[in-house]
Amino acid sequence: MYDSSATPGTATARPGRRRVLAAGAATAAAAALPMGTATAAGRTGTAAASAASATDDLRPYASYWFPDSLPSGSPGDGVVWRSLMSWTPESDPDLAFNTSAVPLASRFTPVAPNATARTGQARVSALAAFAPTAGNPSQGSATADSYALTHWAYLDELVFWGGSSGEGLILAPNAPVVDAAHRNGVPVLGTVFLPPVAYGGQLRWTRDLVQRGSGGGFPVADKLIQVAKAYGFDGWFINAETDGGNTQLATDMRDFLLHLRDRGEGLRVTWYDAMVDSGAVSWQNALNNRNSAFFRASATMFLNFDWSRSGLASSGRLAQELGRSRYELWAGIDVESRGYDTSVNWDAVIPADAPHTTGYGFYRPEWTWTSLPSGQRTPAAFHARDDRFWTGASLDPSAPGSGTGGWRAPAVSVADRSTVTALPFATSFNTGHGMRWYEEGTALSDTAWTHLGLQDRLPGRRWVVRTTGARPTVNFDFADAWRGGSSLLVDGAPGAPTTVELHSVRLPLSAATVVELAHRADAGSAAVRVELAVAVREPDTPGGAYDFSYLPAGTLRAGGGWTTATLWIGRRLRALRAESVRAFGVRLTPSGGGTVRWRLGALAVRDAAAGAPDTPGPLTVTASRPGGETGTAALRLSWGRSSGAVRHYELHQVLPGGGRRFLGGTCGTAFYVPALRRAEGERASRIEVRAVDELFTPSPPSAVSFTW
């Protein structure tokens, strides 16, 4: 984000000034720095280490390009200059690592948990940078210090933000982010960033982008379509901020957008409010006759940040006059510098006493991660801030306006959505990063990790808690887990029965329907009676409470370890004559009104026990290189897709004596292991890959031996 009065390199965001989008690093030290300079400035920490080694290790990265011609000079450390016009799927060595495997899920909108959240009106877009343009890992990384976005329930579109004149102008999203978003029904767009001249932008790159082929088409647009189809993401965010164009360039840009939209067979195109009909860059902060041609050629339009109430109102009216929805406009909200302390004229966008004016889009909501002080960027600290950003200071979407000050969190105004519509369904409350990896309550790796493709479908409403006593703390906890890297922890002394709502669902209910809970009482907890809460109908009006039926799931005592409760809910709820389930939760009652420290490790719903998935195809080491420390090696692995129903794949190293060490997981069929550790005296290490289904049932392994 750039204040036009500032000198390059000292950019700040100031309300009321002309501002432009500037892509760049997502690290705490660089969060406020523009990245349109000649080198990829501002990289720090683990992202910098990744980028610096990009040219001398095997790690695959998210792909980035210039449209056609390259800059003069030489790229910076860890940067590789590439032309999109030279790219083909067949010549892409990282294609398998960058390809999403999860289709875009359909969503439904349950009755909202509060009376102010609207259905069918404003939705939310987000422009988020998960790492620098160069050095954005394709397959996660060995750190839990990451932007593990989980509040998909409020998002309608995610832009994988990046691009710079010193690295590349076109950034394709990495597979883990796309897989996580798709699992929750959110489309993901790559970024085409044509920077301001002050940040290295060159008008020739805009002309490269919209060059016409011999047949009158647009060859770079065809490449963008090919990339999105090959990688499995949903479209492109076009941000043309290089000034100096003319009317012909604007016409070419409009026709380029039409080509991209119409030839893309369903690809989304979002246009940023910068270039106007003269070809100049002139931020309008509204939809008007100077930029409407670009809106008509796109699916949605992101309005620059200095909008006004009257400007948004006229924008909405014009969109409707053009036969479009006013909610296909995103009113830009810059949260890069101040997050939920940002001052926003919310009544101009989402008035409480009238229909919403437009949709809105957050610029850089990863502030909840990057602004954490050094040494405090733990998963728990990040999620606490991210929950406040999306839900509000109350941390209760049934009362999101309570104690929020000037911040109007999405939960106040936007109805949440869910994709939980089919059996089987399971979650282990895994957020996609952690300090260790657990399976059935045992840690199989002591290495921190991030991979959003392994993230579960999580409760969209965090957290609706109903009790006549004191409200306990409810959050994701990373100190222990049943599976993955985290579990759900309820901690407090409510003094009364307490119901915690979990997932909104639309699942079939029959006599064969079974729910399984893996849970335990932690040290310091009183004995706690646990009941599964099941609702077969939604509330009649927004803000109403579910009418739960409560089914006993056991009384747990501290020190008893993990236990699994199996409940035949279809049989138990037969008297209700219901054909579907609409919500799940839990009710906790501590004995003697004491303290509750209760941990939920997994929730699974099924009709019948299914068989294990089929064994994956042969596992192969496609490349290897000695690691940076003695006794380690970096590996590229690939295998054949399992023919069964697969959620993701997990890789383990078989240890001498029969134990296993978790190496990682992915939804695709290729994985990078940065540091396979050689066991003492071992001449060869056995590596196994298993397919895992929706109930986390593993297949028989496919194996390969790596000789040291």
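**Exercise 1.** How many of the eight residues of strand E24 (residues 528-535) are buried, and why can the strand be called largely enclosed?

*Solution.* The model is a predicted one, and burial here means under 20% relative accessible area. By that cut-off, seven of the eight residues of E24 are buried, so the strand is largely enclosed by the rest of the structure. The next step is to look at its strand partners: E24 pairs with strand E27 (residues 580-590) in the antiparallel sense over eight bridges, and Ala-533 has Gly-585 of E27 as its bridge partner. Strand E25 (residues 549-556) also runs antiparallel to E24, joined to it by six bridges, with Leu-551 of E25 as the bridge partner of Leu-532.

**Exercise 2.** Describe the burial of helix H3 (residues 175-183), what covers the helix, and what is found at its ends.

*Solution.* Nine of the nine residues of H3 are buried, so the helix is largely enclosed by the rest of the structure; among them are the charged residues Asp-179 and Arg-183. The cover over these buried residues includes helix H2 (95-98), strand E5 (155-160) and strand E7 (188-194). Just after the helix, Gly-185 adopts a positive phi of about 80°.

**Exercise 3.** Characterise the largest cavity by volume and lining.

*Solution.* Five cavities of 30 Å³ or more are counted, and the largest holds about 210 Å³ of space. It is lined by 21 residues, of which Asn-184, Arg-417, Ser-418, Leu-458 and Gly-460 are the closest to its centre. Sorted by class, the lining comprises six nonpolar, nine polar and six charged residues.

How values were computed
Residues are numbered from 1 along each chain as its sequence is written. This is a predicted model: local features need pLDDT of at least 70, side-chain atom pairs count only at pLDDT 80 or more; totals for chains, interfaces and linings use all residues. Side-chain values use heavy atoms; hydrogens and water are left out. On a 1 Å grid over the protein atoms alone, a cavity is a set of points where a 1.4 Å probe fits but cannot get out, and a pocket is an open set with protein on both sides within 12 Å along at least five of seven lines; lining residues have an atom within 4 Å of a point. Grid points are joined across faces, edges and corners, and a volume is the space filled by probe spheres set on the points. Buried means under 20% relative accessible area, exposed over 50%, partly exposed in between (1.4 Å probe, protein chains only). Helices (H or I, at least four residues) and strands (E, at least two) are DSSP runs, numbered from the N terminus. Two strands pair if DSSP finds at least two bridges between them. Contact means heavy atoms within 4.5 Å.
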